[in-house]
Amino acid sequence: MSGYELSRQWFDFQFENSSKVTPSHGMLYLFLCEINNRMGWCQEFQITAKECMQGMSCHSYNTYKKCLDDLIDFGFIKLVRKSSNQWRSEERRVGKECRSR
């Protein structure tokens, strides 16, 4: 699945669910897609909360965490392994395997 198809899925979902989605959700999801694209579309990849917050221009951990949890609930991201401390990254999956529609 290409980055275009993933962004198309996102914007289709956003139009259908505008009351649930904020710009922060889109920034986080598109940032994660971009990172995965730069890594050659790995099935799973690791990234820290700090890197995600920088990528989505977010200064509040609570906002980041809510967006991440929502994207997991929406089916756009799958959390493969949760971090056990602040020095360990969470492992995520982005792509068509996450979205079953």
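1. Let's start with the core. In this predicted model, the largest nonpolar core holds 24 residues. Those with the most contacts inside it are Leu28, Tyr29, Leu32, Tyr64, Leu71 and Val94. Helices H1 (3-16), H2 (23-38), H3 (49-55) and H4 (61-74), along with strand S1 (45-47), each supply at least two residues of this core. H2 gives the largest share, with six residues. As background, nonpolar side chains in soluble globular proteins tend to be buried together.

2. Leaving out residues up to four places away in sequence, Tyr29 touches Leu6, Trp10, Leu71, Phe76, Ile77 and Val94. Two of those partners, Leu71 and Val94, are listed with Tyr29 among the residues with the most contacts inside the core.

3. Now the aromatics. A search of the whole structure turns up seven aromatic pairs. One of them is Trp10 with Phe13: the ring centres sit 5.9 Å apart and the planes are at 35 degrees, so this pair counts as tilted. Trp10 and Phe13 are three residues apart in helix H1, which puts about one helical turn between them. Both are buried.

4. How are the rings of Tyr29 and Phe76 arranged? Their centres are 5.1 Å apart with the planes at 70 degrees, and the cut-off for edge-to-face is over 60, so this pair is edge-to-face. Tyr29 belongs to helix H2, while Phe76 is in the loop between H4 and strand S2 (77-81), so the pair ties together parts that are 47 residues apart in sequence. Tyr29 and Phe76 are both buried.

5. Those two pairs belong to one picture: Trp10, Phe13, Tyr29, Phe74 and Phe76 form one aromatic cluster.

6. Is Ser7 buried or exposed? Its relative accessibility is 18%, and buried means under 20%, so Ser7 counts as buried.

7. Of the 101 residues, 39% are buried. Taking contacts between residues at least 6 apart in sequence, 52% join residues at least 24 apart. The accessible surface is about 6,300 Å², and carbon and sulfur atoms account for 50% of that.

Methods:
Residues are numbered from 1 along each chain as its sequence is written. This is a predicted model: local features need pLDDT of at least 70, side-chain atom pairs count only at pLDDT 80 or more; totals for chains, interfaces and linings use all residues. Side-chain values use heavy atoms; hydrogens and water are left out. A nonpolar core is a set of buried Ala, Val, Leu, Ile, Met, Phe, Trp, Tyr and Cys residues joined through side-chain atoms within 4.5 Å. Buried means under 20% relative accessible area, exposed over 50%, partly exposed in between (1.4 Å probe, protein chains only). Helices (H or I, at least four residues) and strands (E, at least two) are DSSP runs, numbered from the N terminus. Contact means heavy atoms within 4.5 Å. Rings of Phe, Tyr and Trp (its six-membered ring) pair if their centres lie within 6.5 Å; planes under 30 degrees apart count as stacked, over 60 as edge-to-face and the rest as tilted. Accessible areas come from the Shrake-Rupley method with a 1.4 Å probe; for residues, only the protein chains shown count as cover.
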